[in-house]
Amino acid sequence: MVLAQTACALALLCQSVLAKLEADEVPPCQPSFVSADHGVAVCPTRHIKGGHMLDRDGDLITWNDRWHAGLHLVNDGLHPKHRAGFASKSLFETSPSQRWRRHEDVELAHGVWRPIQVRKAERFPPLGV
């Protein structure tokens with residue numbers, strides 16, 4: 001009798017575990033002491049790769065998500081005149097010998113690249129330069 005009750009309880013436990021594994025994953029909702037955000041994001045697609053935008057010429061391009069692969073990562077090892085900044089580009093970004101790094105390109109699809117230069121001039125030049 002005890003063995004049958006144990007087997008029945010174990011079967012119910014296994015069913016509940018399997019149901020939790022097959023359900024959609026919900027991130028834990030714990031308040032953060034760093035931020036005022038206390039719950040799941042209102043816009044769930046906010047922190048995923050992708051998206052589209054219009055460039056200065058009005059062409060629809062994909063979002064350039066190559067923020068992790070820039071010359072800014074090695075700025076500290078470069079001569080001050082060769083460093084990249086907010087208002088000045090490094091000569092290594094536009095150098096023909098560094099073209100393979102694709103600093104001046106955006107990836108439209110896997111392996112399909114397009115230059116980020118636009119035809120229309122910028123409306124407001126960088127300030128303080």
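Here is a short walk through this structure, which is a predicted model.

Let us begin with open space. Rolling a probe the size of a water molecule over the atoms shows where empty space is left. The largest pocket holds about 1,100 Å³ of space. Its lining is made up of 30 residues, and those nearest the centre are Asn64, Lys89, His103, Glu104 and Ile116. Two elements, β2 (60-62) and β3 (105-109), each give two or more residues to this lining. Sorted by class, the lining of the largest pocket has 12 nonpolar residues, 10 charged ones and eight polar ones.

One place to look is Ala109, whose bridge partner in β4 is Val112. Together, β3 and β4 make a hairpin, with two residues between the strands. In that turn you will find Gly111, which has a positive phi of about 85 degrees.

Is Ser95 buried or exposed? Its relative accessible area is 17%, and buried means under 20%, so Ser95 counts as buried. The side chain of Ser95 also has a partner: it makes a polar contact with the side chain of Ser97, at 3.0 Å.

Definitions and conventions
Residues are numbered from 1 along each chain as its sequence is written. This is a predicted model: local features need pLDDT of at least 70, side-chain atom pairs count only at pLDDT 80 or more; totals for chains, interfaces and linings use all residues. Side-chain values use heavy atoms; hydrogens and water are left out. On a 1 Å grid over the protein atoms alone, a cavity is a set of points where a 1.4 Å probe fits but cannot get out, and a pocket is an open set with protein on both sides within 12 Å along at least five of seven lines; lining residues have an atom within 4 Å of a point. Grid points are joined across faces, edges and corners, and a volume is the space filled by probe spheres set on the points. Helices (H or I, at least four residues) and strands (E, at least two) are DSSP runs, numbered from the N terminus. Ala, Val, Leu, Ile, Met, Phe, Trp, Tyr, Cys and Pro count as nonpolar, Asp, Glu, Lys and Arg as charged, and the others, Gly among them, as polar. Two strands pair if DSSP finds at least two bridges between them. Buried means under 20% relative accessible area, exposed over 50%, partly exposed in between (1.4 Å probe, protein chains only). A polar contact is a pair of N or O atoms within 3.5 Å; within protein, one must be able to donate a hydrogen and the other to accept it, and residues adjacent in sequence count only if both atoms are side-chain atoms.
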